[in-house]
Amino acid sequence: MINSQGLLPYISVVTPSYRCSEVIEELYARLIDTFKKLNIESYEIIIVNDNSPECDWQVIKKIASINNKVIGINLSRNFGQHYAITAGLAHASGDYVVVMDCDLQDKPEEIPNLINKIQEGFDSVLARRSNRQDGFFKKNFSKIFYWGLSYLTETKQDATIGNFGIYSKKVVQAILLMKDNIRYFPTMVKWVGFNISTIDVEHAEREKGKSSYSIRKLINLALDVMLSFSEKPLKLTVKLGLIVSGLALLFAVFNLVKYSMGYVLMPGWTSLIISIWFLSGLIIFVLGIVGLYIGKIFNNVKGRPFYIIDEIINY
C-alpha cells in the first residue's frame, strides 16, 4: 500500500447524500475502521448533501464536529447525484479519490482491494458489482439503458459498473475540465480514458430507505445522457428519412407502372390519410430529436454553475 515515494497515499472519499440520514453515521464508522486497518492516517471524507429533505445535513455536521477530516458540503438545492459528485471531486485533495454511494450498497470494506489494484499502475479502477442487489426493474432497466448507451456512443458500457471506484488525481482533474451541462459520472470516466481496470466487488442490499430514482427520473436520466454523449440519434433520423424517401420513390414508380399498363387506380381516402399521418408523425419525431439537441445546446450556452454551495464545513 506504499506509493513510489515510500509514503502511504492520501485518500479522499467522495459520497453524495440524499435521504441517507439513517446510514451516514454507520458509513462513517466503517470508513474509519477501514482506514485504521490499512494504517492510513492521511485521508478525508467528503460528504455532499444534495439538499436532502431529511436530516442528512444535521448528521453530517455532527460527524464533522468530532472529526476535522470529514468535509461537509451542503448544496443550495437538489441538483442531482452526479452534480453532487462533481462538487465533491472539486474539493478533493487526495492522491486517489474513492467515489461511492452513501446508502452502504457500496461496501467500505472493498476499498483496500481498490487501492491495491490501482497501485499496480492503473489510473482508474472500477468496481464491478458481480451480483447486484437492486430490484428487478432497476437491474433490467440498467441493462437496457447501457445497451442503448453502448450502441449510441459506440463505446463499451457495463451495467454492473456504477459510481463506485477509485480514481487518480489526473483522472479527477480531467473530469473536472469537462464542461458538459449533463453530468453522468460513469460515462465521464470512460470518456476521459487513461488506464482503466475493473475488479469484482460484493454489492450489499440496501439496508434502509429506498432508491430516490423513480421510473420518470431514470427515463429522463437516460435521455439526457444519450443526447449529451452521442450525436448518433441525429444520424439515425437522417437514415430513417432516406429509407422513407426510398420507399416513397418505389411506391411512386409502382403506381406509374400500373398507370402505364392501363390499370385504373381507384382514388381513396384511406391511403391518403395513412400517408399524411405517417409522414407527419415522422416529421414531428425528427423535429423533436433536433429540438432536444437544441435545448441541450441552449443549456450549455447559458453557462450556469453545475452546483451552488450553501455551506461547507472543515474545508
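Helix axes are lines fitted to C-alpha atoms over the stretch in contact, and angles between N-to-C directions run from 0 to 180 degrees. The model is predicted: local features need pLDDT of at least 70, side-chain atom pairs count only at pLDDT 80 or more, and totals for chains, interfaces and linings use all residues. Residues are numbered from 1 along each chain as its sequence is written, and side-chain values use heavy atoms, with hydrogens and water left out.

**View 1. Helices H3 and H6 pack at an angle of about 125 degrees.** Helices (H or I, at least four residues) and strands (E, at least two) are DSSP runs, numbered from the N terminus. H3 spans residues 81–90 and H6 residues 169–177. Their axes lie 10 Å apart. The two helices are therefore oblique to each other. Angles under 35 degrees count as roughly parallel, over 145 as roughly antiparallel, 65 to 115 as roughly perpendicular and the rest as oblique. The crossing of H3 and H6 is left-handed, meaning that the near helix is turned anticlockwise from the far one by less than a right angle.

**View 2. Strand S2 is largely enclosed by the rest of the structure.** S2 covers residues 43–49, and seven of its seven residues are buried. Buried means under 20% relative accessible area, exposed over 50% and partly exposed in between (1.4 Å probe, protein chains only). Tyr43, Ile45, Ile47 and Asn49 point one way from S2. Glu44, Ile46 and Val48 point the other way.

**View 3. S2 pairs with strands S1 and S3.** Two strands pair if DSSP finds at least two bridges between them. S1 (residues 11–17) runs parallel to S2, joined by seven bridges. Thr15 stands opposite Ile47 in S2. The chain passes from S1 through H1 to S2 in a right-handed β-α-β crossover. Right-handed here means that, with the strands pointing away from the viewer, the path from the first strand over the helix to the second runs clockwise. S3 (residues 70–75) also runs parallel to S2, with five bridges between them. Val70 in S3 is the bridge partner of Ile45.

**View 4. A salt bridge joins Glu109 and Arg30.** A salt bridge is a side-chain nitrogen of Lys or Arg within 4 Å of a carboxyl oxygen of Asp or Glu. By this rule the count is nine. In the Glu109–Arg30 pair, N to O is 2.9 Å. Glu109 sits in the loop between strand S4 (96–99) and helix H4 (111–118), and Arg30 in helix H1 (residues 24–37), 79 residues apart. Glu109 is partly exposed, at 38% relative accessible area. Arg30 is buried, at 17%.

**View 5. Glu202 and Lys107 form a salt bridge between two loops.** Their closest N and O atoms are 3.3 Å apart. Glu202 lies in the loop between strand S7 (196–201) and helix H8 (215–229), and Lys107 in the loop between S4 and H4, so the pair ties together parts 95 residues apart in sequence. Glu202 is partly exposed, with a relative accessible area of 48%. Lys107 is buried, with 18%.

**View 6. Arg128 and Asp200 form a salt bridge.** The closest N and O atoms are 2.7 Å apart. The pair links strand S5 (residues 124–129), which holds Arg128, to strand S7, which holds Asp200, 72 residues apart. Arg128 is partly exposed at 26% relative accessible area. Asp200 is partly exposed at 47%.
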